[in-house]
Amino acid sequence: MKFTLSWLKDHLETDATLDQICERLTAIGLEVEDVDDKAAYKPFVIAKVLSAEQHPEADRLKVLSVDAGPDVNGGKPLQIVCGAPNARAGLVGALARPGDYVPGLDVTLGVGKIRGVESHGMMCSEKELNMSDSHDGIIDLPEDAPIGTSFASYAGLDDPMIEINLTPNRPDCTSIYGIARDLAASGLGTLKVPAAPVLKLEGETTVGLTIDLDDEKLCPGFGLRLVRGVKNGPSPAWMQTRLKAIGLRPINALVDITNYMTFDQGRPMHVFDAAKVKGDLTVRRAKEGETVLALDTREYKLGPNNVVIADDNGVESIGGIMGGEHSGCDENTVDVLIESALWDPINIAKSGRTLGIITDARYRFERGVDPEYMVPGLDRTTQLVLDLCGGTPAKEKIVGYKGYQAKTVDFPFAEVKRLTGLEISADESREILTRLGFTVEGASERVGVKVPSWRPDVDGKADLVEEVMRIHGVDQIKPEPIEKLSAVNGRILTTLQIRTRTAKRALASRGMLEAVTWSFIPEDQAKLFGGGSAALKLANPIAADMSDMRPSLLPGLLTAAQRNADKGFGDVAIFEVSGTYETDAPEGQRRVAGGIRRGTASINGAGRMWSNATKGGGKPVDVYDAKADALAVIEACGLPMANVQIEQGGPVWYHPGRSGTIKMGPKVVLGYFGEFHPKTLGSLDVSGALCGFEIYLDAMPEPKKKATRTKPGLELSPFQAVKRDFAFVVGSEVEAGAIVKAATSADRKLITGVNVFDVFEGASLGEGRKSVAIEVLIQPVDKTLTDEDFEALTGKIVANVEKTTGGVLRA
């Protein structure tokens, strides 16, 4: 929201400086984003060329004698060398003297010599002063321009421009009058309340007006007035100057008046050329496929969700957003219809977004304009038309408006202390609210507060507390230190937050890149990964092919990997730690760490490297890469690996023989890993060697609380570790993990590791049999083990494996 200082002072009687006004605006919540105080124009003065002689050494240069008034150079003329084609004796223009900064040239002038002739300044063009792109000659002012006075003041360039960053909840400050009202309420001056216009009305508005809508909220009121005999032309210089200052292009007096009212009073208006309106006006929903050529010369296709103003010719205006070109006012307009209407903010926002139209009218209507100003705004606009264009006004037609019913908020003054900590008396709170235009009813500590029509954002007592607080002064809230934690290193994050961070770091350390994919996916992909239920369908998807909340991270990661492959990056390792959705209930959202590897992007190195040349360009990723990634996440999250079991197989989107399920106990599923089923890849239109995993971080139990936070000291055994190999013959259905677990549990104190290093199946073992060889790492703790100790431990290992799996030592 932009405005000039002089425009603000039209509504605010104040002696405050520009800096004080800007400081107060920010203090009351209207944050100042930019200030252009026009300081660059202050040095320039109006000067007259007394003579213009040919430069003795240059055909295109002239030596000017310039009178800049009695206060410059002791009243003596200045000598200036100038190359402008329009430089002549008698010309009055803008003078820059030595020491002045010229913004268009980005230089500070000094006394210089041009072809041997001294020059004490320069006569400036509009481009050199950043006023326009015109560089055809120096500025040529009227002969009666006052010599020696400020050029900025004469040209209206001494009016600072202020821009505030207006939040969406403050529709009352989309007008300069509203900003002045807020400043006056804060104590920075007095609000100038203009007298209501007194119009001499003649006759009736002959154009009929009806509202034909199935929902009266779409247009709660419509005012229309006919003004006969206007003379449309350029608007006056003062209005054009102000509109230009805030970035608007003056068009003609009638259009400029409506733009001026939009910013001055926050009341968007519209004018129709009455001669171009055929029949009566009707406010209705647009018909499917109807079109309108708007004032921006673009044609818009409309539908029933758009509210329009139409006549016998068809649509003449998109209600509350933009008028039509057909009924626009031009220099031939004689009779004009002035519109002042109310529109539903939600419908305006939806229509503007659907049609892709952004206008100053839409900006205000979708936030909410003052309903009580509909008729006064019509009168004030009529008065401006009469003042600038003449004419005779008719009696207005008002349709649909039922008046404003003020909201009353039950407000205990104690809420101010409770919500802000400020000690503000009830009397001061009452006074602040009254100055802001609220009506406070009651004399006790609990009152009823009526909300003024221009504040649709105030709905409850917290809103009133905010009003009191911002006017009293947010800077009055004393800073308080954060409440001390129970310990210096006290825990702040939740377990799930900590595990989310830890999982990301663990996967990143394994050479994977973090990706962020959409939380919603196509329905066929959702069904492919166990989703697609009606409860997880989006009511308003951003695209037709993003209709369902994702049941898994894998569809998004797989399609992202394929996009990379299509662009030549086939070896991809990416992960994501985010939410998936099983139901629409809060507990149905899971926190999952998922990742995929494609091509040769294994943890051991990949790609087209010389070291992989003998391997045909690198080993493709497989189920073991996915398993290692999944276990790395679990280990990083602090879950004891001894409690983790792996079972063969996984969900249907994984390859049945190359996938696994990670569990903790018989019931708790921690996640899945494996290579993907060819049908899954085909359905996603994804190709290549691919493996992946998903770990449910929220399925892991809370870590047990420790008696102390001190990390125990590192204990190293002074004895040599010993390795022993065993080969067991077991049934083909027996998993190697079961043998590892049985061997480990033989003596958890001495056995520190068990690894599978060979699996053999052959006719010599018999049908349905296999040999699994394991390496057992034995770490003595208290003493060096004797042969008898090793024999006893070996017997325990063999007995445990035999009991658990039915396996026997291979001969």
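Select Asp685 to begin: this residue is exposed because its relative accessible area is 64%, where exposed means over 50%, buried under 20%, and partly exposed in between (1.4 Å probe, protein chains only). The model is predicted, so local features need pLDDT of at least 70 and side-chain atom pairs count only at pLDDT 80 or more, whereas totals for chains, interfaces and linings use all residues. Residues are numbered from 1 along each chain as its sequence is written, and side-chain values use heavy atoms, without hydrogens and water.

Asp685 sits in the loop between α17 (678-684) and β38 (690-696); helices (H or I, at least four residues) and strands (E, at least two) are DSSP runs, numbered from the N terminus. Most residues other than glycine have a negative phi. Asp685, although not a glycine, has a positive phi of about 60°.

Next, select Asn73, in the loop between β5 (62-67) and β6 (78-82). Asn73 is not a glycine either, and its phi is positive, about 60°. Asn73 counts as partly exposed because its relative accessibility is 42%.

Now move to Val458, in the loop between β29 (446-450) and α12 (461-472). Is Val458 buried or exposed? Val458 is buried, because its relative accessible area is 1%. Leaving aside residues up to four places away in sequence, Val458 touches Lys407, Phe438, Val451, Asp463 and Leu464, contact being heavy atoms within 4.5 Å. Then select Leu507 as well: Val458 and Leu507 are 49 residues apart in sequence and 49 Å apart in space, C-alpha to C-alpha.

Finally, select Asp19 in helix α2 (residues 18-27). Asp19 counts as exposed because its relative accessibility is 62%.
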